[in-house]
Amino acid sequence: MIANLIDDIGAGLHTIFIANFDIVVLIGLLGQLMFTARFLVQWIASERAGRSVIPISFWFFSLGGGFILLGYAIYRQDPVFILGQSLGTFIYMRNLMLIARERAAREGESG
């Protein structure tokens, strides 16, 4: 019984990760890697500063990974994933806009 369960799990994993692997899955994995990289960037920046920091690269990785994952979700026609990534990409763009506005205001004050 356990041997059959292990075989079934192995067959299922083979189907998911090997048999169904195509360029679309590769693009989805790229998006997920970019999305994951944002946490590594944030963690490294925080460790260096000795406090919680969110560097601008976090938002660029978020936006890039979010757009790629949104395209992947649209292609796969997954409404839950589409809604989740749509809201996220809007928030990431808005944060980058706020950062740009703040920088422009600082440069205007000092110039």
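Here is a short tour of this predicted model, point by point.

1. Helix 1 counts 18 residues and reaches 24 Å from its first C-alpha to its last, close to the 26 Å expected at 1.5 Å a residue. How many of its 18 residues are buried? The count is 0, and helix 1 is described as hardly covered.

2. Next, look for L5, I9, L13, I16, F17 and I18, which together make a nonpolar surface patch of about 620 Å². L13 has a relative accessible area of 43%, so it counts as partly exposed.

3. **The largest nonpolar core.** The largest nonpolar core has 7 residues in all: F35, F58, W59, L63, L69, Y92 and L96. Two helices, helix 3 (56–76) and helix 4 (79–110), each supply at least two residues of this core. Which helix gives the most to this core? Helix 3 does, with 4 residues.

4. **Helix 3 and its cover.** The buried residues of helix 3 are F58, W59, S62, L63, G65, G66, L69, L70 and A73. What covers these buried residues includes helix 2 (23–49) and helix 4.

5. **F58 and its contacts.** F58 belongs to the core in point 3 and is buried in helix 3. Not counting residues up to four places away in sequence, which residues does F58 touch? They are R38, F39, V41 and Q42.

6. **S46 in helix 2.** S46 is a residue of helix 2. Is S46 buried or exposed? With a relative accessibility of 13%, S46 falls under the 20% cut-off, so S46 counts as buried. Once neighbours within four places in sequence are left aside, the contacts of S46 are R51, S52 and V53.

7. **Q77 and its positive phi.** Most residues other than glycine have a negative phi. Q77 has a positive phi, near 55°, although Q77 is not a glycine. The relative accessible area of Q77 is 67%, so this residue is exposed.

8. Side chains of opposite charge can pair when their charged atoms come close. How many salt bridges does a search of the whole structure find? There are 2. One of them joins R76 to D22, with the closest N and O atoms 3.8 Å apart. This pair links distant parts of the chain, 54 residues apart: R76 is in helix 3, while D22 is in the loop between helix 1 and helix 2. R76 has 38% relative accessibility and so counts as partly exposed. D22 is partly exposed too, with a relative accessible area of 32%.

9. E102 is partly exposed, with a relative accessible area of 48%, and R106 is partly exposed, at 46%.

10. F90 is in helix 4; its relative accessible area is 52%, so F90 is exposed. The C-alpha atoms of F90 and A49 are separated by 28 Å, with the two residues 41 residues apart along the chain. I91 is also placed in helix 4, and at 36% relative accessibility I91 counts as partly exposed. Between the C-alpha atoms of I91 and R103, which are 12 residues apart along the chain, the separation is 18 Å.

Terms used
Residues are numbered from 1 along each chain as its sequence is written. This is a predicted model: local features need pLDDT of at least 70, side-chain atom pairs count only at pLDDT 80 or more; totals for chains, interfaces and linings use all residues. Side-chain values use heavy atoms; hydrogens and water are left out. Patches are made of residues with over 30% relative accessible area and no salt bridge: like charges are joined within 9 Å, nonpolar side chains (Val, Leu, Ile, Met, Phe, Trp, Tyr) within 5 Å. Accessible areas come from the Shrake-Rupley method with a 1.4 Å probe; for residues, only the protein chains shown count as cover. A salt bridge is a side-chain nitrogen of Lys or Arg within 4 Å of a carboxyl oxygen of Asp or Glu. Buried means under 20% relative accessible area, exposed over 50%, partly exposed in between (1.4 Å probe, protein chains only). A nonpolar core is a set of buried Ala, Val, Leu, Ile, Met, Phe, Trp, Tyr and Cys residues joined through side-chain atoms within 4.5 Å. Contact means heavy atoms within 4.5 Å. The expected span of a helix is 1.5 Å times one less than its number of residues.
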